[in-house]
Amino acid sequence: MKLYEQLADNLQQRIDQGYYPGGSKLPSIRATSQEHGVSISTVQEAYALLVENGKAEARPKSGYFVTQQISPPPLPQTSQPTFRPMSLPEWHNLLHIMDDYGEENVFQLSIAVPDCEAPSLNPLLKLTAELSKTTTKRLFNYDHVRGAAELRRQIARMMIDSGCSVTPEDIIVTSGCQEALASSLRAVTEPGDIVVVDSPNFFGSLQAIEMSGVKALEIPTHPETGISLAALETALHQWPVKACLLTPTNNNPLGYSMPDEHKPALLELLAKFDIPLIEDDIYGDLSYKLPRPRSIKSYDTDGRVILCSSFSKTLAAGLRIGWVCPGRYFDKVMMMKYVSSMSTATLNQLAVAEFVAQGYYEKHLRKMRQNYQRDRDTVISLLTRHMPQNTRISYPQGGYLLWIELPDAIDAVELNRRAGLQGINIAPGPLFSATHKYKNHMRINCRNSQDPRMEPAIKTLGTIANDLLIESLRPA
């Protein structure tokens with residue numbers, strides 16, 4: 001360990017042991033330097049590492065303070081979905097719930113978008129403006145179907161952080177992660193096939209499944225460890241599954257991160273039945289602690305894993321820059337990408353490539369990880385205070401999404417309807433299931449917890465939820 005890492009480890013032990021309680025001020029940089037006999041710069045690096053690991057926060061002109069840790073809330077129960085393949089012919093009928101997404105006068109707790117107003121994104125705006133003036137000729141032509149070489153080089157470098165060793169030639173740039181998922185599904189399935197998914201599951205993945213004409217088989221999923229490998233093995237023996245689609249790190253919406261020991265076991269099971277895995281790693285870089293969890297792709301030795309990701313959740317959804325690393329299915333996925341959109345817009349690819357290459361991306365991630373962990377804790381505290389008793393809340397280790405299990409009698413679709421009348425929306429649970437389960441669940445975006453609208457919005461949701469609970473107890 002480097003000297004600053006040793007110092008950070010020493011200070012973290014003191015924090016964990018209660019020597020520096022939550023909310024208390026840490027000794028000044030100069031005092032710590034004198035106490036431990038190290039340089040000012042070493043202390044500054046150690047404090048920066050504590051901040052990065054979520055153990056401390058820097059307050060301008062005040063110093064460093066120990067992060068106030070909250071106790072994990074009661075977690076949602078392990079899901080028990082219908083254990084048979086389901087078609088999704090009517091799933092799109094639920095999309096009317098999303099009609100007011102994007103409306104400026106609505107407080108958007110429903111959509112999974114990052115903080116797009118963060119000052120750490122300013123260099124990206126400048127790079128985009130500069131490139132639009134200096135690379136005009138290239139911008140007006142199709143780029144390669146695989147994507148700009150500059151961006152693929154940077155993505156290959158980034159994937160090292162998740163344990164992957166790939167080359168730029170292994171990567172295809174897509175128009176967001178949604179195109180990566182859809183192209184991957186079409187490459188490894190045919191209409192009528194069965195695809196295994198965790199449950200609840202991101203509704204964008206369900207939409208891609210529906211459009212591919214395949215059936216979804218939902219597997220019981222734990223809110224901390226993810227998909228049940230025992231239930232998965234039973235399903236593989238029982239049904240002719242053609243693919244598996246999971247979001248194993250900072251899952252959307254449940255929040256789980258699959259333990260590392262489960263990942264090779266999962267791959268071994270899929271290899272036994274010769275089934276490809278489509279791994280959605282879109283939230284992996286937003287893990288609060290470093291090093292970030294390894295992707296399942298990093299354990300892949302035979303090209304079975306198709307890794308999909310994007311900058312939509314780390315930078316901005318409007319960039320529409322994603323990628324796929326298809327392994328042995330490269331040619332099929334590239335054909336599907338070509339049929340889908342031919343190529344991805346060049347300007348945003350080049351701007352993001354420069355943003356990453358110049359070190360701005362990692363700086364941005366460091367700040368966002370801190371903010372999103374603070375947001376998680378703040379909003380969980382608000383939910384605990386205002387929601388009905390027996391409400392259960394996820395406790396993700398990364399990202400900015402919370403999955404909330406309300407008492408059985410509360411209909412989340414009705415909750416969303418009434419909240420919409422007061423300028424607030426949520427994502428109701430039925431959106432996240434092929435069988436429209438999770439009627440008493442909802443997903444919310446907890447980013448920007450310091451927004452003055454956040455606490456009143458959570459309080460309003462709590463009032464409506466309590467009203468629905470009272471109404472359910474009245475005689476018919």
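In which loop is Pro 253 found? Pro 253 belongs to the loop between E9 and H10, and Figure 4 returns to this residue.

The structure is a predicted model, in which local features need pLDDT of at least 70, side-chain atom pairs count only at pLDDT 80 or more, and totals for chains, interfaces and linings use all residues. Residues are numbered from 1 along each chain as its sequence is written, and side-chain values use heavy atoms, with hydrogens and water left out.

**Figure 1**
Helix H4 comprises residues 122-134; helices (H or I, at least four residues) and strands (E, at least two) are DSSP runs, numbered from the N terminus. From first C-alpha to last, the 13 residues of H4 reach 19 Å, close to the 18 Å expected at 1.5 Å a residue, where the expected span is 1.5 Å times one less than the number of residues. Pro 123, Leu 124, Leu 127, Thr 128 and Leu 131 of H4 are buried. Buried means under 20% relative accessible area, exposed over 50%, and partly exposed in between (1.4 Å probe, protein chains only). Helix H5 (136-139), helix H12 (346-357) and helix H13 (360-386) are the elements against which the buried residues of H4 pack; contact means heavy atoms within 4.5 Å.

Buried residues of H3 are Thr 42, Val 43, Ala 46, Tyr 47, Leu 50, Val 51 and Glu 52. Their cover includes helix H1 (3-16), helix H2 (29-36), strand E1 (56-59), strand E2 (63-66) and H13. Gly 54, with a positive phi near 80°, follows H3. Gln 373 is located in helix H13 and counts as buried, at 10% relative accessibility. Residues up to four places away in sequence aside, Gln 373 touches Asn 53, Gly 54 and Tyr 288.

**Figure 1. The packing of helices H9 and H10.**
Helix H9 (residues 229-238) packs with helix H10 (residues 262-272) at an angle of about 5°, and their axes are 11 Å apart. Axes are lines fitted to C-alpha atoms, for helices over the stretch in contact, and angles run from 0 to 180 degrees between N-to-C directions. H9 is therefore roughly parallel to H10, a term for angles under 35 degrees. On H9, the contact is made by Leu 229, Leu 232, Glu 233, Leu 236 and His 237, and on H10 by His 262, Ala 265, Leu 266, Leu 269, Leu 270 and Lys 272. By class, this contact has seven nonpolar, two polar and two charged residues. Ala, Val, Leu, Ile, Met, Phe, Trp, Tyr, Cys and Pro count as nonpolar, Asp, Glu, Lys and Arg as charged, and the others, Gly among them, as polar.

Val 241 is placed in strand E9 (residues 241-246) and is buried, with a relative accessible area of 8%. Apart from neighbours within four places in sequence, Val 241 is in contact with Ile 194, Val 196, Leu 217, Ala 235, Leu 236 and Ile 275. Pro 248 lies in the loop between E9 and H10 and, at 1% relative accessibility, counts as buried. Among the contacts of Pro 248, with neighbours within four places in sequence left aside, are Tyr 256, Ser 257, Met 258, Glu 279, Asp 280 and Ile 296. Pro 253 is also found in the loop between E9 and H10, and the peptide bond from Asn 252 to Pro 253 is cis, with omega near 15°.

**Figure 2. Backbone geometry in three further loops.**
The peptide bond from Ser 199 to Pro 200 is cis, with omega near 5°; Pro 200 is found in the loop between strand E5 (194-198) and helix H8 (203-212). Arg 320, although not a glycine, has a positive phi of about 55°. Arg 320 is placed in the loop between strand E11 (305-310) and strand E12 (322-325) and counts as partly exposed, at 36% relative accessibility. Met 342, likewise not a glycine, has a positive phi of about 65°. The loop between helix H11 (330-341) and H12 holds Met 342, which counts as partly exposed at 28% relative accessibility.

Notes: Angles under 35 degrees count as roughly parallel, over 145 as roughly antiparallel, 65 to 115 as roughly perpendicular and the rest as oblique.
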